[in-house]
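User: I have a new model open and would like to go through it. Please start with the pocket.

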Amino acid sequence: QLQTDEFTLFCVLHKWNLSNPNQEPSIAKSLVRHIALEHIDPLKLSTTVRSSRLVSDSDLCDAFGKQAKNKGILAEKIRGSGPPTLAKWEKQDSGVLSSGS
């Protein structure tokens, strides 16, 4: 059983694709669909993965959307299931935003 992260898998696939210039790129593009892009760091998605041209912008947007949704779910779990709470700075009325209005 192979144990590695999604970005490493992507890099191996990308390197394989580059090392086989006579290979049809659609093969690598079809294989990349088996990699869970949402588990790759957003910065790496927007730089390394995007520049490879193995992943469509639509698929990248889907990955970013899944990441955002997962962050929201995680935030809910951290906060608990109760109503949203305000951060300490949100509770304080410093008048900074309302002064002069």
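**Pocket, core and cysteines**

Analyst: Val-32, Arg-33, Ile-35, Leu-37, Glu-38, Val-55, Asp-59, Asp-62, Ala-63 and Lys-66 line the largest pocket (an open set of points on a 1 Å grid where a 1.4 Å probe fits, with protein on both sides within 12 Å along at least five of seven lines; lining residues have an atom within 4 Å of a point). This is a predicted model, where local features need pLDDT of at least 70 and side-chain atom pairs pLDDT 80 or more, while totals for chains, interfaces and linings use all residues. Numbering starts from 1 along each chain, and side-chain values use heavy atoms, without hydrogens or water.

User: Which helix gives the largest share of that lining?

Analyst: H4 does, with 4 residues (a helix is a DSSP run of H or I, at least four residues; a strand is E, at least two). The lining splits into 5 nonpolar and 5 charged residues, with no polar ones.

User: What does the chain look like overall, in helices and strands?

Analyst: There are 5 helices and 0 strands, in the order α-α-α-α-α from the N terminus. Of its 101 residues, 18% are buried (under 20% relative accessible area, with exposed over 50% and partly exposed in between, 1.4 Å probe). Among contacts (heavy atoms within 4.5 Å) with a separation of 6 or more, 51% join residues 24 or more positions apart.

User: Now the core. Which residues touch the most other members?

Analyst: In the largest nonpolar core, which has 14 residues, they are Phe-10, Ile-35, Leu-37, Ile-40, Leu-45, Val-49 and Val-55. At least two core residues come from each of H1 (6-19), H2 (25-32), H3 (42-52) and H4 (57-79). H1 contributes the most, with 3 residues.

User: And Ile-40, what is it in contact with?

Analyst: Setting aside neighbours within four places in sequence, Ile-40 contacts Glu-6, Phe-7, Phe-10, Ile-35, Leu-45, Val-49 and Gln-67.

User: Switching topic: Asn-17, buried or exposed?

Analyst: Asn-17 counts as buried because its relative accessibility is 13%. The residue lies in helix H1. Beyond residues up to four places away in sequence, Asn-17 touches Pro-25, Ala-28 and Leu-54.

User: How many disulfides?

Analyst: The count is 0 (a disulfide needs a pair of cysteine sulfur atoms within 2.5 Å).

User: Where do Cys-11 and Cys-61 stand on accessibility?

Analyst: Cys-11 has 30% relative accessibility, so it counts as partly exposed. Cys-61 is at 53% and therefore counts as exposed.

Definitions and conventions
Core = buried A, V, L, I, M, F, W, Y, C linked by side-chain atoms within 4.5 Å. Nonpolar A, V, L, I, M, F, W, Y, C, P; charged D, E, K, R; others polar.
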